[in-house]
Amino acid sequence: QVQVVESGGGLVQPGGSLRLSCVASGTIVSIYSMAWYRQSPGKKRELVASVTSGHVTNYSDAMKGRVTISRGDVANTVHLQMNSLKPEDTAVYYCVAEMWNSDFTLLSDYWGQGTQVNVSS
């Protein structure tokens, strides 16, 4: 069993900042990458940022320049620092961990339940 849990969401004013955190726990062999996605009502879920076990990062255009993804000091954690937030950033933010199976032949995605971010004055 693997659990992925996000935290750090909430209400913030336009121009403000939030730091989201995600931790994966349970029976984990090895995590290849962790990523943040977001989904607003009526829109498709979209990638925000990802980071591999080798600390290679990727940012989508949606929030590029305003977010930083980083692996945490604690194993199997990832953070998303979000700055200069806009009302259109309001969404549920999901963490996903891409993990290897026991013989490193298959990668599987494990999703958290999401954390709500509301940007409003």
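What percentage of the 121 residues in the chain do buried residues make up? Buried residues, meaning those under 20% relative accessible area as judged with a 1.4 Å probe and protein chains only, make up 40% of the 121 residues. The model is a predicted one, in which local features need pLDDT of at least 70 and side-chain atom pairs count only at pLDDT 80 or more, while totals for chains, interfaces and linings use all residues. Residues are numbered from 1 along each chain as its sequence is written, and side-chain values use heavy atoms, with hydrogens and water left out.

The chain has 0 helices and 11 strands, where helices are DSSP runs of H or I with at least four residues and strands are runs of E with at least two, numbered from the N terminus. Read from the N terminus on, the order of elements is β-β-β-β-β-β-β-β-β-β-β. Among the contacts in the chain with a separation of 6 or more, 55% are accounted for by residues 24 or more positions apart, a contact being heavy atoms within 4.5 Å.

As for overall dimensions, the C-alpha trace spans about 50 × 25 × 25 Å along its principal axes. The radius of gyration, taken over C-alpha atoms, is compared with a globule rule of 2.2 Å times the number of residues to the power 0.38; the chain has 14 Å, which agrees with the value near 14 Å that a compact globule of 121 residues would have.

Two residues show contrasting surroundings. Arg38 lies in strand β4, which covers residues 30-39, and Arg38 counts as buried because its relative accessibility is 7%. The side chain of Arg38 is joined to that of Glu46 by a polar contact of 2.7 Å and to that of Asp89 by a polar contact of 2.9 Å; a polar contact is a pair of N or O atoms within 3.5 Å, where within protein one must be able to donate a hydrogen and the other to accept it, and residues adjacent in sequence count only if both atoms are side-chain atoms. Leaving aside residues up to four places away in sequence, Arg38 also touches several others, including Val48, Ala62, Met63 and Tyr93.

Ser102, by contrast, lies in the loop between β9 (91-100) and β10 (107-111), and Ser102 counts as exposed because its relative accessibility is 63%, the cut-off for exposed being over 50%. Ser102 and Gln116 are 14 residues apart in sequence, yet 33 Å apart in space from C-alpha to C-alpha.
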